[in-house]
Amino acid sequence: MSETPIVIKDPAFSRDNEVRPFAIEGMDVRGRAVRIGTVVDQILSAHDYPDPVARILGDLLTLTALLGSMMKFDGIVTMQTKSGGPVPMMVADYEMRADGVGRLRGYADIDETKYAAYGKNPSFHGLIGCKSGYLALTIDQGADMERYQGIVDLSGETIAEVARNYFMSSEQTPTEIRLRTDRDAVTGNWRAGGIMVQHLARGEEGKERILDRDTEEQWNRASVLMHSVKEEELLDPQLDLDNLLYRLFNEDGVRVFEAAHLAKGCRCDRARLLAVISQFSDDDVDHMTVDDKISVNCQFCNKTFDFAPEEARGTA
Ligand SMILES: [Zn+2]
């Protein structure tokens, strides 16, 4: 390799709430690292989820940010789990708009009765990884683009394992992923982090994957290096993503690319909600009215919108 690897080491370039794409020198491997601070804390703190549920939703949001930031066009990436377990549904979505900022939101549906039956430290499998459960990935890139949907069983003990299975089965792309969500030991605020590497088919995209001895050794090396990341390093506020990548891959050299920035975002909208409740009959409107108002709650951001019954009737 005659080219000198570019390693950005200035921490000023790195901070929370961003996804950093990278490449390892001399390898057919691409990767992405993500660190989420205030954005994941605001999303999870808007609800009163038990910590084990918040951790899984945090991982799902982190995975969604990793995949969403790979979109080449504006659009929405949605990841949704469904199962018959105590957490029947979880949703995370990432919306990319023209300003280049990825907006994240998500929520978890909890069956309180089933949840209460599961002891203090319920496992991933116990909460959402039930036999019939699945994870669906949807990519929506606007009206004139075809919608993509992929589905994988919720087999595995973490969201990262499920995602790994998805890439192997649906996209035949060897992928290694680590995700971590936890409360900061000092502040108690939620933080999340993750890293993924993928084995690229040699040559142009869409060509047959060549797995000869060389590329296999290369891929094994990349996965071993990636898995050497410590759980606490994924979240450490003192260790920015570029330094983390340098720590993991400096022997080979790591090249980093422009980061995608993340923000908390929701698409709930008063006018749209009013349009929905205006479809109801006067009888239904009466039933929905409590204390002379109709309250509608957004599941994602937990914001409540109040409408006067006359507003709902006025347009019907
Ligand atoms: Zn909302």
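What arrangement do the 4 donor atoms around the zinc ion make? In this predicted model, the zinc ion is coordinated by the SG atoms of Cys-266, Cys-268, Cys-298 and Cys-301, at 2.2 to 2.3 Å. The angles subtended by the 4 donor atoms run from 103 to 118°, and the arrangement is therefore tetrahedral. Along the chain, the donors of the zinc ion are spaced as C-x1-C-x29-C-x2-C. Cys-268 is located in the loop between strand S11 (260–264) and helix H9 (270–277), while Cys-301 is located in the loop between strand S12 (294–297) and strand S13 (304–307); the pair therefore ties together parts that are 33 residues apart in sequence.

Helix packing was examined for two pairs that involve helix H2. Helix H1 (residues 38–45) packs with helix H2 (residues 51–68) at an angle of about 135°, and their axes are 11 Å apart. H1 and H2 are therefore oblique to each other, and their crossing is right-handed. On the H1 side, the contact comprises Val-40, Ile-43 and Leu-44, which meet Ala-54, Leu-57, Gly-58 and Leu-61 of H2. Of the residues in this contact of H1 with H2, 6 are nonpolar, 1 is polar and none is charged.

H2 also packs with helix H5 (residues 159–170), here at an angle of about 35° and with the axes 9 Å apart. H2 contributes Ile-56, Asp-59, Leu-60, Leu-63 and Leu-67 to the contact, and H5 contributes Ile-159, Ala-163 and Phe-167. The residues of the contact of H2 with H5 comprise 7 nonpolar, no polar and 1 charged.

Methods. Residues are numbered from 1 along each chain as its sequence is written. This is a predicted model: local features need pLDDT of at least 70, side-chain atom pairs count only at pLDDT 80 or more; totals for chains, interfaces and linings use all residues. Side-chain values use heavy atoms; hydrogens and water are left out. Axes are lines fitted to C-alpha atoms, for helices over the stretch in contact, and angles run from 0 to 180 degrees between N-to-C directions. Helices (H or I, at least four residues) and strands (E, at least two) are DSSP runs, numbered from the N terminus. Angles under 35 degrees count as roughly parallel, over 145 as roughly antiparallel, 65 to 115 as roughly perpendicular and the rest as oblique. A crossing is left-handed if the near helix is turned anticlockwise from the far one by less than a right angle, and right-handed if clockwise. Contact means heavy atoms within 4.5 Å. Ala, Val, Leu, Ile, Met, Phe, Trp, Tyr, Cys and Pro count as nonpolar, Asp, Glu, Lys and Arg as charged, and the others, Gly among them, as polar. Donors are N, O and S atoms within 2.8 Å of the metal (3.2 Å for Na, K and Ca); water is not among the atoms, so sites may look incomplete. Four donors count as tetrahedral if all angles lie between 85 and 135 degrees; four count as square planar and six as octahedral if opposite donors are over 155 degrees apart and all others between 65 and 115; anything else is irregular.
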